[in-house]
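Visitor: Before we look at the fold, could you show me the model and then take my questions about how the chain is arranged?

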Amino acid sequence: MNEVPVTLWVNGQTYAVRVSPRKLLSDVIREDIGLTGTHVGCEHGVCGACTVWVDDRPTRSCLMFAIQAEGHAVTTIEALAQHGQLNVLQQALHEEHGLQCGFCTPGIVMTMEAYLHEHPNPTVDDIRDALSGNLCRCTGYQNIVAGVQKAARVFAQNSSGATSAAGNESTHLSEGGREYV
Ligand code: FES
Ligand code: FES
């Protein structure tokens, strides 16, 4: 099929590419833009590995054609760490050993980062519910849940103006490549 020009806005940068109109956003992000942190598992909208943000909303990039993303802000996992420093959720997952196979992790981080922005004080059941759309084939959700809980505590401390008590707990928050406290 003939390729068409598409201009995508990803992590605050403009990318002009030529792609098939049927090419998935996930494939264009990985193959044409070169951001391989977004992973592709099922390609059917089931596993959540391909989750990115489109206009700050978690979106399965395997269920979207790249041309549909034109005119929208796309954010990938690469935008979360800033200046070589993990953000709060990434750091908390690291500390709680919630970074497991690495394949599902980017989608989990993108889903839960957005979730915590809207639900800063979740219960364990809330976290498990929010995680239910991201499949972990190793079945090791326990440490992921613990990491999200820890990140929620740091979010709460930061939003109340308190300084992080734990030496390892980062106070760096990010959203769509923008830092905020
Ligand atoms: S690869 Fe998109 S949901 Fe599984
Ligand atoms: S974290 Fe990827 S299979 Fe469990």
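**Strands and helices around the sheet**

Guide: In this predicted model, strand β1 (residues 4-10) pairs with strand β5 (residues 73-75) in the parallel sense, over two bridges.

Visitor: Which residue in β5 is the bridge partner of Val-10?

Guide: The two strands β1 and β5 run parallel where they pair. Within β5, the residue that bridges to Val-10 is Val-74.

Visitor: In what order do the five strands of the open sheet lie, and why is one side of some strands left without a neighbour?

Guide: The pairing in this open sheet is mixed. Strands β2 (13-19) and β4 (57-60) stand at its edges with a single partner strand each, so one side of each has no neighbour in the sheet. From one strand to the next, the twist averages 40°. The order of the strands is β2-β1-β5-β3-β4.

Visitor: Which strands does helix α1 touch, and what angle does its direction make with that of β2?

Guide: Helix α1, which spans residues 25-32, packs on the sheet and touches β1, β2 and β3 (51-54). The angle between the direction of helix α1 and that of β2 is about 105°.

Visitor: And what angle does the direction of helix α3 make with that of β3?

Guide: Helix α3, residues 105-118, also packs on the sheet, where it touches β3 and β4. The direction of helix α3 makes an angle with that of β3 of about 40°.

Visitor: How many helices and strands does the chain have?

Guide: From the N terminus on, the elements run β-β-α-β-β-β-α-α-α-α-β-β. The count for the chain is five helices and seven strands.

Definitions and conventions. Residues are numbered from 1 along each chain as its sequence is written. Chains are lettered from A and ligands numbered from 1 in the order in which they are written. This is a predicted model: local features need pLDDT of at least 70, side-chain atom pairs count only at pLDDT 80 or more; totals for chains, interfaces and linings use all residues. Two strands pair if DSSP finds at least two bridges between them. Helices (H or I, at least four residues) and strands (E, at least two) are DSSP runs, numbered from the N terminus. Axes are lines fitted to C-alpha atoms, for helices over the stretch in contact, and angles run from 0 to 180 degrees between N-to-C directions. Two residues are in contact if their C-beta atoms, placed from the backbone, lie within 7 Å.
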